[in-house]
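A short report with one table is wanted.

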Amino acid sequence: MRQPLPPLIEAMFDTARYPDPAARVDLVETHASWLLLAGDFVYKIKKPVLLPFLDYGSLDKRLTCCEAELRLNRRFAPELYLAVVALTGTPENPQVGGCGPAIEYAVKMRRFAETGRLDRLCARGQLRPHQISELAATIAGFHQEAATAAQSTHFGKPEQVLAPALANFDELTRLLSGDAERMRLLQLADWTRSEFARLRPRFAFRKAEGRVRECHGDLHLGNLVLIGKRVTLFDCIEFSEDLRWIDVASEIAFTYIDLLDQRQPGLAGWLINEWLSCSGDYDAAPVLRFYAVYRALVRAKVAAIRAAQAGDDPGQARAYLALADRLVSPPPARLIITHGLAGCGKSRAARRVLLSDPTATTLCLRSDVERKRLCGLAPASGSGSPLDGGIYTKDISELTYQRLYALAQILLAAGWSVVVDAAFLERCRRQAFRALAEDAGLAFSVLAPQATPAQLRARVRRRLAKGR
């Protein structure tokens with residue numbers, strides 16, 4: 001049963017206490033906050049709780065966290081985050097922004113349509129690949145501009161990566177008492193330690209390469225909203241620098257596992273694929289599975305805490321444990337290359353392979369994107385190059401295939417299946433990738449859509465007309 005509300009929150013249901021008109025006040029409660037929805041605005045009040053990962057225990061600490069929340073979320077949602085306001089008076093008779101000393105603080109936000117939250121869109125079956133593509137580009141752009149952790153800081157160092165992962169098991173062991181859950185936690189803890197030991201040098205390398213940044217920290221679908229036609233991030237972690245200054249791969253892994261939890265593996269794989277394509281951070285692939293398991297266990301921990309607070313069955317926590325189990329046992333990787341002239345349908349066929357993968361473990365490398373990256377161009381930009389000139393010279397084509405080969409090696413070695421979307425008109429290039437798969441003991445196939453010359457001409461003309 002829901003715990004009784006404190007007098008302050010009960011009193012805040014009175015619309016007369018707010019400075020702006022409100023016909024009614026609704027409450028959304030999380031494990032750490034109360035959100036009061038009043039008219040066009042939301043007032044977020046932090047609970048006076050002390051948890052293993054946050055401290056809202058004193059009024060001063062809650063004020064500090066409110067101010068941090070405002071500053072940090074204005075990085076990507078300045079139109080939503082308006083001010084920190086004081087609540088004055090008494091708990092039984094509070095006022096927003098009244099006279100006298102503050103008895104509590106709230107973050108004032110502009111309200112948006114809850115139906116636009118990506119978790120709601122996903123639940124209704126209305127989340128589409130093009131929206132995931134926009135989300136991936138938004139996250140990659142945010143990461144590119146986010147502050148980079150200095151080498152002198154502990155953020156992102158291997159020990160800092162392992163500590164919160166192991167802390168999940170301490171909390172979950174306390175919260176989940178079933179024998180089956182305890183056995184599953186022991187197995188996942190063993191996997192986490194062994195996988196960390198294998199990846200330790202790569203974690204250190206990513207810190208040195210500037211991949212540890214001041215991220216959002218809590219990027220699940222419920223903290224993403226479609227406003228107009230733009231995906232907006234909100235409600236980042238403000239209470240812990242350790243949970244915010246993280247590897248960007250850990251950030252995207254959270255959204256990935258949330259899509260998996262929503263039974264949308266096609267969109268989950270598409271998100272990772274588009275984020276890698278936008279960012280070019282293919283070195284993230286080897287660590288993504290470690291971070292995805294970590295994020296699944298974070299969600300399990302939060303679900304278990306909420307269940308304990310409400311006196312409910314921790315079924316959702318058990319579901320996240322099952323998801324973590326699936327993540328540590330991916331299917332064997334495979335390599336697919338496309339083959340055919342421009343306009344035959346290679347990219348569309350490759351996209352179908354990704355979106356139909358029930359395990360969300362397939363990624364796509366696109367020659368047009370990597371060719372432009374080699375030449376310093378954005379993936380969606382035009383090059384203005386003539387046939388056999390500009391970025392389409394023989395030398396640049398050779399460099400493009402070399403890059404595709406090197407990236408495929410990285411992804412396959414990390415346990416991801418790969419589709420290489422390129423023309424592959426020369427037999428020697430097809431044979432090189434076949435040898436790559438055979439040397440690794442992986443399945444290899446060629447995806448070769450067919451089209452008539454008339455169809456090819458018509459499709460290329462349509463692309464030219466659209467500026468593509």
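## Cavity and sheet

Helix H5 (158-175), helix H7 (241-244), strand S12 (245-247) and helix H10 (285-310) each supply at least two residues to the lining of the largest cavity. Helices (H or I, at least four residues) and strands (E, at least two) are DSSP runs, numbered from the N terminus. This is a predicted model, in which local features need pLDDT of at least 70 and side-chain atom pairs count only at pLDDT 80 or more, while totals for chains, interfaces and linings use all residues. Residues are numbered from 1 along each chain as its sequence is written, and side-chain values use heavy atoms, with hydrogens and water left out.

A search of the whole structure finds one cavity of 30 Å³ or more; the volume of the largest cavity is about 150 Å³. A cavity is a set of points, on a 1 Å grid over the protein atoms alone, where a 1.4 Å probe fits but cannot get out, and lining residues have an atom within 4 Å of a point. Volume is the space filled by probe spheres set on the points, which are joined across faces, edges and corners. The lining has 14 residues, and Gln160, Val161, Pro164, Ile246 and Tyr291 lie nearest the centre. H10 gives the largest share, four residues.

An open sheet of six strands has the order S1-S2-S3-S8-S6-S7, with antiparallel pairing. Two strands pair if DSSP finds at least two bridges between them. Strand S1 (25-29) and strand S7 (93-96) are at the edges with a single partner strand each, so one side of each has no neighbour in the sheet.

| Strand pair | Bridges | Sense |
|---|---|---|
| S1 and S2 | five bridges | antiparallel |
| S2 and S3 | six bridges | antiparallel |
| S3 and S8 | five bridges | antiparallel |

A hairpin with three residues joins S1 to S2, and Val25 stands opposite Ala38 in S2. Ala38 also has Phe41 in S3 as a bridge partner. The hairpin of S2 and S3 has two residues between the strands, and Gly39 in the turn has a positive phi of about 65°. Phe41 in turn stands opposite Arg110 in S8.

Strand S2 (residues 33-38) is mostly covered, with six of its six residues buried (under 20% relative accessible area, 1.4 Å probe, protein chains only). Ser33, Leu35 and Leu37 point one way from S2, while Trp34, Leu36 and Ala38 point the other way. In a regular strand the side chains alternate between the two faces of the sheet.

Key: On a 1 Å grid over the protein atoms alone, a cavity is a set of points where a 1.4 Å probe fits but cannot get out, and a pocket is an open set with protein on both sides within 12 Å along at least five of seven lines; lining residues have an atom within 4 Å of a point. Buried means under 20% relative accessible area, exposed over 50%, partly exposed in between (1.4 Å probe, protein chains only).
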